[in-house]
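Thanks for coming. I have one structure to go through today, and I will keep it short. Please have a look at it first.

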Number of protein chains: 2
Amino acid sequence: MIRVESKRRDRNPTVTQTYQAKIYVTLRPSVLDPAGTAVQSGLSHMGHDNVEKIRIGKYVELTLTAADTRAAETQLDQMCDQLLANPVIENYRFELEPVGVAA
Amino acid sequence: MIRVESKRRDRNPTVTQTYQAKIYVTLRPSVLDPAGTAVQSGLSHMGHDNVEKIRIGKYVELTLTAADTRAAETQLDQMCDQLLANPVIENYRFELEPVGVAA
């Protein structure tokens, strides 16, 4: 009886997993970062003159539902390439964490 | 002889450590995120309609020199409160990693 239940769940295509994604978008090292330079100058004026190499990027948190981790990663790659990051000047990386089973 | 060397190094105030800091600035949960809503709408139009709870924050990388981890943390708290984050509407957290000994 338990095995039958288990099989049925495996076959059900509507069972999806919810994931929490944390996406980090950073400028490529070869690209100048005027905002970072401005912040460094501001910090220096405030007395923090031991700070260097400031680079400012974006940090995006979101949840998404997917059949499995692989599907979620594929979708995140698409989303980053198409909208969240500019691949010409930015790199991105993300962390994925399952948070629960959606219906 | 070795103990004398060691004492001299402890007393030397110019020996500092270089740290790499990663700072994450996020909107407080009670604050609306219009940019996040716009991104969610954009993703939905592109077919990614299984994505929710998008929050957009800042990600700052920098290096700083300090006598020890405690001093570096204190300085980072000051920098975040004064310039990098707006404490009224934003939270921040940071990770600190030693990368080498500066002169």
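A rotation of 180° puts chain A on chain B, with 0.0 Å of shift along the axis and an RMSD of 0.0 Å. That is the relation of a two-fold axis. In chain A, the C-alpha nearest that axis belongs to Lys58(A), and it sits 2.3 Å away. Please keep in mind that this is a predicted model.

Now the contact between the copies. Of the interface residues of chain A, 100% are interface residues in chain B as well, so the copies meet through the same surface.

Next, the chain itself. Chain A has three helices and three strands. Read from the N terminus, their order is α-β-α-β-α-β. What share of the contacts in chain A with a separation of 6 or more is between residues 24 or more positions apart? The share is 75%.

Chain A has 103 residues, and 30% of them are buried. The chain exposes about 6,500 Å², with 53% of that supplied by carbon and sulfur atoms.

Last, one residue to look at on the screen: Glu73(A). You will find Glu73(A) in helix H3 of chain A, which covers residues 69-84. Is Glu73(A) buried, exposed or partly exposed? Its relative accessibility is 36%, so Glu73(A) counts as partly exposed, since that class lies between under 20% for buried and over 50% for exposed. Leaving aside residues up to four places away in sequence, Glu73(A) touches Phe94(A) and Leu96(A). As for Glu95(A), 22 residues separate it from Glu73(A) in sequence, and the C-alpha to C-alpha distance is 9.2 Å.

Definitions and conventions. Residues numbered from 1 in each chain as written. Chains lettered and ligands numbered in written order. Predicted model: local features only at pLDDT ≥ 70, side-chain atom pairs only at ≥ 80, totals over all residues. Heavy atoms only, no water. Least-squares fit on C-alpha atoms with pLDDT ≥ 70 in both. Contact = heavy atoms within 4.5 Å. Helix = DSSP H or I, 4+ residues; strand = E, 2+ residues; numbered from the N terminus. Buried < 20%, exposed > 50% of the residue type's maximum accessible area, 1.4 Å probe, protein only. Areas by Shrake-Rupley, 256 points an atom, 1.4 Å probe, with all protein chains shown as cover.
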